[in-house]
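This report concerns the fold and packing of a single protein chain. The sequence and the coordinates come before the discussion.

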Amino acid sequence: MAGTKRIAVVVGSTRPSRICADVAAWTRARLQEDSELGYGLVDLAEIALPFLDEPVKAAAQQYTHEHTRAWSELVQSYHGFFFVFPQYNWGYPGVLKNALDYLYREWRDRPASLLAYGARGGGKAAEQFVTVLHGLHMRVLDTHVEAIITDADVDDNGQLRDVEGTLRPNRALLRKIDEEMTEALSCQ
């Protein structure tokens, strides 16, 4: 629908055997339920940014590479962001930090939240990530999700056995995040 505020649900892992795309797709669908916002998936594996290769700092917006200009245009086309990523060694994936570091002004004042996941919920990664979002001057929402995904939730190939069953406990938080995102965007 015309005039709908668009929120990117960013798939923040590119590992070949990742479950992040499934977690993000499930999350996008839950956020979209009964929402006036439009949630779309942005998969960093499809964006395929190289390791940061711009010669000038991002704040200057003097991009020399087409992949950076395309990334900038895509980010600017969204009104807010919801990041989905695993916790790796108490941190978040380098590919996600790389994608953030390519830009600066494009992130400013955009509302953001996240779903971090891991065997203990992804809290260490979420804490670090929120610090970076503040550094980018994003409007970090009060609510985020730390989803518990244990070895018992995945099969022998490392894939989720039951996405809905594993992530269902997070539905109420996602509803609250949609409400906070809607409120944040109503002020723009």
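This is a predicted model: local features need pLDDT of at least 70, side-chain atom pairs count only at pLDDT 80 or more; totals for chains, interfaces and linings use all residues.

**Strand S1 and its partners**

Strand S1 (6-11) is mostly covered, since 5 of its 6 residues are buried. S1 pairs with S2 in the parallel sense over 6 bridges, and 5 bridges join S1 to S3, again in a parallel arrangement.

| Strand pair | Sense | Bridges |
|---|---|---|
| S1 and S2 | parallel | 6 bridges |
| S1 and S3 | parallel | 5 bridges |

**Helix H3**

In helix H3 (residues 66-76), the buried residues are Thr68, Trp71, Ser72 and Val75. They lie on the same side of H3, because the arc they cover around the axis is only 100°. An α-helix has 3.6 residues a turn, so residues three or four places apart point the same way. The exposed residues Glu66 and Glu73 are carried on the face of H3 that is turned away from its buried side. The packing partners of the buried residues of H3 are strand S2 (38-43), helix H2 (44-47), strand S3 (80-86) and helix H4 (94-101).

**Nonpolar cores**

Which residues have the most contacts inside the largest nonpolar core? They are Trp71, Phe81, Phe83, Phe85, Trp107 and Phe129, in a core of 30 residues. Two or more residues of this core come from each of S1, H3, S3, H4, strand S4 (111-118) and helix H5 (123-135), and the largest share, 6 residues, is given by H5. Apart from this core lies another one, of 27 residues, which includes Val9, Ile149, Val154 and Met181. In soluble globular proteins, nonpolar side chains tend to be buried together.

A polar atom of the Thr166 side chain lies 2.9 Å from the backbone oxygen of Asp162. Neighbours within four places in sequence apart, Thr166 is in contact with Ile148, Ile149, Asp153 and Leu160; of these, Ile149 is one of the residues of the 27-residue core.

Pro169, by contrast, is found in the loop between H6 and helix H7 (171-186). Its relative accessibility is 66%, so Pro169 counts as exposed, for which the cut-off is over 50%. Between the C-alpha atoms of Pro169 and Leu103 the separation is 34 Å, the two residues being 66 residues apart along the chain.

Conventions. Residues are numbered from 1 along each chain as its sequence is written. Side-chain values use heavy atoms; hydrogens and water are left out. Buried means under 20% relative accessible area, exposed over 50%, partly exposed in between (1.4 Å probe, protein chains only). Helices (H or I, at least four residues) and strands (E, at least two) are DSSP runs, numbered from the N terminus. The arc is that of the directions from the helix axis to the C-beta atoms. Contact means heavy atoms within 4.5 Å. A nonpolar core is a set of buried Ala, Val, Leu, Ile, Met, Phe, Trp, Tyr and Cys residues joined through side-chain atoms within 4.5 Å. Two strands pair if DSSP finds at least two bridges between them. A polar contact is a pair of N or O atoms within 3.5 Å; within protein, one must be able to donate a hydrogen and the other to accept it, and residues adjacent in sequence count only if both atoms are side-chain atoms.
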